[in-house]
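Here is a short report on one protein model. Look first at the sequence and the structure, then read on.

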Amino acid sequence: MRDVVVANKEILDFDNQMQIQDDVFPVLHILDSNGEIVDSESLQRAQLTEEDFINIMKRMLLSRQLDIRSTKLAKQGRFGFFAPTAGQEASQMASSYAFKDEDWLMPGYRDIPQIVVKGWPIWKAILWSRGHALGNVFTTEEGKPVNSWMPQIIIGAQYVEAAGIALGMKKRQKDAVAYAYTGEGGSSQGDFYEGVNFAGAYKANAVFFIQNNGFAISTPRALQTAATHLAAKGWAAGVPSIVVDGNDPIAVYLASKEARAWATSGKGPVLIETLTNRLEAHSTAGDDPLRYRTQADIDAAWKKEPLIRMRQYMTGQGIWDEDKEIAYIAEVNALIDDQIKIADKVSKQKISDFIKNTLEVPSYAMAEQITKFESEGK
């Protein structure tokens with residue numbers, strides 16, 4: 001009888017419940033902010049070769065340069081919508097390195113870099129930002145399909161799409177997954193839970209990422225939800241869920257690799273919350289971060305960003321140096337220059353084009369409008 005009494009008291013101890021929530025989600029980290037390994041066993045478990053480290057570093061540098069150049073182009077009026085990615089390179093690029101060409105990426109609007117490294121040309125990414133129809137053609141320069149859906153503007157909607165594709169893969173017994181990204185703000189959307197719950201119920205081949213960058217569009221994470229850890233939202237759907245240091249490329253890669261293995265084995269989806277930091281504005285559409293965070297906070301975050309710790313670790317291992325980094329950045333910028341030229345040469349869309357692209361078979365009224373505008377050269 002006493003055991004029941006004690007158990008009942010614990011059940012009704014709400015303060016204890018809050019403490020338990022905080023304790024059950026330790027943060028996975030392998031590489032600290034000084035570039036030192038804190039868990040050699042997990043490093044071995046990741047099975048990363050020197051070539052892998054170089055590839056991940058190059059991916060992160062590519063993402064950083066895309067961020068820098070895209071922001072400049074946006075300020076010049078030569079780019080459309082752009083969501084900066086600085087600070088989230090490990091969360092995005094180290095995670096994507098764990099997936100394969102046959103896996104389907106379901107991105108949000110901040111996840112352009114992950115599509116690019118799957119083979120999507122940068123010039124198409126530029127056209128997507130400008131609202132051009134060719135920006136929604138997901139093929140390589142050689143015309144091969146790129147397994148990615150268009151960057152989702154509707155917050156969290158990619159989770160529902162990923163769940164459907166993941167179930168299709170399971171039913172076809174594919175050795176592949178659908179992997180989707182959203183931010184911590186997206187985890188408060190209904191589509192987020194519906195996607196995770198559906199995939200969990202059917203044990204679909206999915207890996208879900210919550211990139212917890214701290215501020216959503218303008219709301220500090222602490223004000224956006226009372227959940228102690230966003231990963232706990234995955235538990236509500238019966239899905240294995242973990243928290244990872246999102247500035248640690250090795251930890252992010254290991255978590256992603258093991259989540260993919262779990263999902264493809266028929267055990268169902270995994271949810272990964274990456275703790276990272278968006279170092280710039282939410283978007284180039286007039287956002288001012290200093291209205292909801294301090295400059296001191298931003299400056300402190302820049303000192304902990306993922307490129308610094310990865311650079312320090314790889315330099316210490318003798319597999320990276322300043323000359324290699326400078327040479328690769330020059331290579332990336334030359335590529336971006338060429339891709340901008342290609343995008344600028346693409347014919348601008350006409351009014352008749354917009355109407356043609358609205359429906360596969362235009363209505364009678366639309367057909368009349370197309371004929372009218374084409375006759376006017378519009």
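## A lysine and a glutamate

At 37% relative accessibility, K356 counts as partly exposed. K356 and E374 form a salt bridge, with the closest N and O atoms 2.5 Å apart. A salt bridge here is a side-chain nitrogen of Lys or Arg within 4 Å of a carboxyl oxygen of Asp or Glu. K356 lies in helix α16 (residues 351-356) and E374 in helix α17 (residues 364-375), so the pair ties together parts that are 18 residues apart in sequence. Helices (H or I, at least four residues) and strands (E, at least two) are DSSP runs, numbered from the N terminus.

This is a predicted model: local features need pLDDT of at least 70, side-chain atom pairs count only at pLDDT 80 or more, and totals for chains, interfaces and linings use all residues. Residues are numbered from 1 along each chain as its sequence is written, and side-chain values use heavy atoms, with hydrogens and water left out.

How many salt bridges does the structure hold? There are 13 salt bridges. Side chains of opposite charge can pair when their charged atoms come close.

Take R309 and D245. Their side chains meet in a salt bridge, 3.0 Å from N to O. R309 sits in helix α14 (residues 306-316) and D245 in strand β5 (residues 241-245), so the bridge ties together parts that are 64 residues apart in sequence. R309 is buried, with a relative accessible area of 5%. D245 is buried as well, at 16%.

R311 and E325 form another salt bridge, at 2.8 Å from N to O. This pair links distant parts of the chain: R311 is in helix α14, E325 is in helix α15 (residues 322-345), and they are 14 residues apart. R311 is partly exposed, at 27% relative accessible area. E325 is buried, at 10%. Salt bridges also link R64, E89 and E305 in a network.

## Aromatic pairs

A search of the whole structure finds 14 aromatic pairs. Rings of Phe, Tyr and Trp (its six-membered ring) pair if their centres lie within 6.5 Å; planes under 30 degrees apart count as stacked, over 60 as edge-to-face and the rest as tilted. In one of the pairs, the rings of F81 and Y109 have centres 5.5 Å apart and planes at 90°, so the pair is edge-to-face. F81 is partly exposed, at 31%. Y109 is buried, at 14%.

Y159 and F208 make a stacked pair, with 4.7 Å centre to centre and 25° between the planes. Here Y159 is in helix α8 (residues 157-171) and F208 in strand β4 (residues 206-212), 49 residues apart. Both Y159 and F208 are buried. Ring pairs also join F99, Y179, Y181 and F209 into a cluster.

## Helix α15

I329 is partly exposed, with a relative accessible area of 22%. Leaving aside neighbours within four places in sequence, I329 is in contact with L61 and Q65. Contact means heavy atoms within 4.5 Å.

## A buried asparagine

N247 is found in the loop between β5 and α12 (249-267). Is N247 buried or exposed? N247 is buried, with a relative accessible area of 11%. Not counting residues up to four places away in sequence, N247 touches several residues, including G87, L275, K304 and R309.

Terms used: Buried means under 20% relative accessible area, exposed over 50%, partly exposed in between (1.4 Å probe, protein chains only).
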